[in-house]
Amino acid sequence: MRPELPAHRPVPMQVSLAFVELRVNVWLRFGKPVRETVLNRWRRVAVFEPGAVCCRVKWIANDYGTALWQLMVLQAPMPLDGGQRVAGVVPGARILLLAEGELQVKAVLAVTDAIEQLGIDPCTVAVTYWRTVGNRLAAREPLPEYTFERHAARMARGALQ
């Protein structure tokens, strides 16, 4: 008799957020958590269903000024999918885009603002677009524009890739 394998239930992604004035600011630029838990005055946790996309921005300072600018567009892993380990994200996530340094972070924030000005929710943008932006940042190439046509093609394909 074979033992039954455990059922693979979806595990929600938990993203830690924090704010300590003039020192730490970790926040969501976009994303639709299914719930948020306040841990204390400085910390909270946003919970996302598998497949959900969010953008976490991290800014850290020390006595001499800004020490870290980081932006990540993350996708909560689906059951049986692998995910990368990310500090402050449990159990991990698919990193679609990683921007480090003030210039890269501000460039991605500008792209996100442009998408929102088109009336498009950044959470519904094609996963491949965020990967392309990340690759272009790494290669120091101009960032691609997200258009209504690109979004319509993504919506026609249906499910998140």
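Author: Helices and strands here are DSSP runs, numbered from the N terminus; a helix has at least four residues and a strand at least two. The model you are looking at is a predicted one.

Reader: In what pattern do the elements follow one another along the sequence?

Author: The order is β-β-β-β-β-β-β-β-α-α-α. That comes to 3 helices and 8 strands.

Reader: What are the dimensions of the box that the C-alpha atoms fill?

Author: Taken along the principal axes, the box is roughly 65 × 45 × 30 Å. The protein has 161 residues, and 35% of them count as buried.

Reader: How should I read contacts against distance in sequence?

Author: Take contacts between residues at least 6 apart in sequence; 58% of these join residues at least 24 apart. A separation along the chain can also go with a separation in space. Alanine 61 and proline 12 are 49 residues apart in sequence, and their C-alpha atoms are 30 Å apart. Threonine 147 and leucine 71 are 76 residues apart along the chain, with 22 Å between their C-alpha atoms.

Reader: Which strands does β2 join, and how do they run?

Author: Strand β2, residues 24–30, is joined to β1, residues 13–20, by 3 bridges, and the two run antiparallel. Strand β2 is also joined to β5, residues 53–62, by 6 bridges, again antiparallel. Asparagine 25 in β2 is the bridge partner of phenylalanine 19, and tryptophan 59 in β5 is the bridge partner of asparagine 25.

Reader: What should I look for in the hairpin of β1 and β2?

Author: Look at the backbone angles. Most residues other than glycine have a negative phi. The hairpin has 3 residues between its strands, and leucine 22 takes a positive phi near 65°. Leucine 22 sits in the loop between β1 and β2.

Reader: Is leucine 22 buried or exposed?

Author: Its relative accessible area is 68%, and exposed means over 50%, so leucine 22 is exposed.

Reader: Which other residue has a positive phi?

Author: Arginine 140 is one, with phi near 55°. Arginine 140 lies in the loop between α2 and α3, the latter being residues 148–157. Because its relative accessibility is 76%, over the 50% cut-off, arginine 140 counts as exposed.

Reader: How do I read a nonpolar core?

Author: Think of buried nonpolar residues joined through side-chain atoms. The largest such core has 25 residues, and those with the most contacts inside it are Leu71, Val73, Leu97, Ile115, Tyr129 and Trp130. The elements giving two or more residues to this core are β5, β6 (65–75), β8 (89–100), α1 (102–117) and α2 (127–139). Apart from this core lies another, of 14 residues, among them Met13, Val15, Val89 and Ala93.

Reader: Which residues does tyrosine 129 touch?

Author: Not counting residues up to four places away in sequence, tyrosine 129 touches Val111, Ile115, Pro144, Glu145, Tyr146 and Arg150.

Reader: How many residues line the largest pocket, and which lie nearest its centre?

Author: The lining has 13 residues, and Val11, Pro77, Met78, Pro79 and Asp81 lie nearest the centre. The space in this pocket is about 150 Å³. Sorted by kind, the lining has 7 nonpolar, 4 polar and 2 charged residues.

Terms used
Residues numbered from 1 in each chain as written. Predicted model: local features only at pLDDT ≥ 70, side-chain atom pairs only at ≥ 80, totals over all residues. Heavy atoms only, no water. 1 Å grid on protein atoms, 1.4 Å probe; cavity = no way out; pocket = protein on both sides within 12 Å on 5 of 7 lines; lining within 4 Å. Points joined across faces, edges and corners; volume = space filled by probe spheres on them. Nonpolar A, V, L, I, M, F, W, Y, C, P; charged D, E, K, R; others polar. Pairing = 2+ DSSP bridges. Core = buried A, V, L, I, M, F, W, Y, C linked by side-chain atoms within 4.5 Å. Buried < 20%, exposed > 50% of the residue type's maximum accessible area, 1.4 Å probe, protein only. Contact = heavy atoms within 4.5 Å.
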